[in-house]
Amino acid sequence: MSSLHVSQNTISQPPLNLRRRCIANLGREVRLIKGRRPSAACLSVDVEAPDAASKLGILKSKEVMETEAKVLLQTYARTPVVLTSGNGCKLYDTEGREYLDLSSGIAVNALGHGDEDWLKAVVDQAGTLTHVSNLYYSIPQVELAKRLVGSSFADRVFFTNSGTEANEAAIKFARKFQRHNHPDAKEPATGFISFTNSFHGRTMGALALTSKEHYRSPFEPVMPGVTFVEYGNIQATKELIQPGKTAAVFVEPIQGEGGIYSASKEFLQFLRTACDDAGALLVFDEVQCGLGRTGYLWAHEAYGVFPDIMTLAKPLAGGLPIGAALMTERVASAIAFGDHGSTFAGAPLICSAALAVLDKISNPKFLNSVSKKGIYFKNILKQKLGGNPHVREIRGLGLIIGIELDVSASPVVDACRNSGLLILTAGKGNVVRLVPPLIITEQELDVAADILSQALPVLDETNSN
């Protein structure tokens, strides 16, 4: 037995007791789907002999991968799968294989693939008006901002096209806030505090706030003035947040890319007080953990601590590119016409898609279901994986869950993919990151847990070689 630690969340609802189903032959590759999508919640993984269609699919996959290597900049170490369609929590490749998707396009597809209401919103708006720029008013943008303000701490919204752009906006707004509030200061506060294991984006400002050195070092010098401190360390942080020096503190209430680490309530409360005392802004990056993934609409609601600025992106438009910086009126009052802008951000098409997403996720019944499924999933993961000596900890809140291993998680990711399950890594590569669509069923979670359990022995095989 290992010294497994399972982090429990604070949501008290009991898990639902839906029928569970075992799956056979988990070590084999998934069944080839002949011309149709199966409607069952669980995957079948029996192998059939390749037919002509599947052989064509293999050739097509090879052609796509070879062409990609010739025409696309090689910045992605892609998984050797060519995906062609999706439905609900399932994805399909060129060879007809079916996959249960617990990656959600890196926590983007909160409503899964092909949600009918989202699709209707996109098609209807595409046939009406797609883009006008921010030189003009558009109804979907104003309506989305109104809805976001009405469901959060914020008074104002600035739209962007991605999470890293939202964080770039927050950097600019924090700097302008300090200059606006201290017009007579020769050198207003310009510094930023960020934390170990943080990830805030890959553009130059957001990159400077990202702790992993290998992301930053090829592009140095990045934006100066950023100090990193241990995530959760109150004493060390207390010494760094200084009046006249610190413009803002950037923190993820739950770190995604960093390894699914959750802040404590005490830590976030301390940051709130310290920022207030120093005249600094508190920025919550909820690009990955926000908008329902924790079972709360906003992750910080679980702590009862509220920021000056919150950045959003990934799930907001259901797979279309969007980001947003939400802020209080105190911050917004420092920003003037022309201080920031974007050609594409807040376009009618994107905002209509986002309204469809927000309508569903903000429903209390939907959020409650995420909480219940998160508890259920962690419980069955504990039952099926807890005895494995490689499993150090199972942690997370709602449907953002990390399984920390004592070795690299890559062999598990590969083995799961070969058995029809798509998952991610995080942290230093030793954390299995599970961020399924929020619509996933408990039956599908059972399937995922079974496949994960059957995949873990590959770690012993890998480390014995």
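## Strand β15

Both faces of strand β15 are covered: Ile400, Gly402 and Glu404 are buried on one side, and Ile401, Ile403 and Leu405 are buried on the other. This description rests on a predicted model. The strand spans residues 400–405, and because six of its six residues are buried, β15 is largely enclosed by the rest of the structure. Buried here means under 20% relative accessible area.

## Pairing with β14

Strand β14, residues 391–397, runs antiparallel to β15 and is joined to it by six bridges. Within this pairing, Gly396 has Ile401 of β15 as its bridge partner. Ile401 is also one of the buried residues of β15.

The two strands make a hairpin, with two residues between β14 and β15. Gly398 lies in the turn and has a positive phi of about 65°.

## Pairing with β18

Strand β18 covers residues 431–434 and pairs with β15 through four bridges, again in the antiparallel sense.

## The chain as a whole

The chain has 465 residues, of which 55% are buried. Its secondary structure comprises 15 helices and 18 strands.

Among contacts in the chain with a separation of 6 or more, 72% are between residues 24 or more positions apart.

Note on methods. Residues are numbered from 1 along each chain as its sequence is written. This is a predicted model: local features need pLDDT of at least 70, side-chain atom pairs count only at pLDDT 80 or more; totals for chains, interfaces and linings use all residues. Side-chain values use heavy atoms; hydrogens and water are left out. Buried means under 20% relative accessible area, exposed over 50%, partly exposed in between (1.4 Å probe, protein chains only). Contact means heavy atoms within 4.5 Å. Two strands pair if DSSP finds at least two bridges between them.
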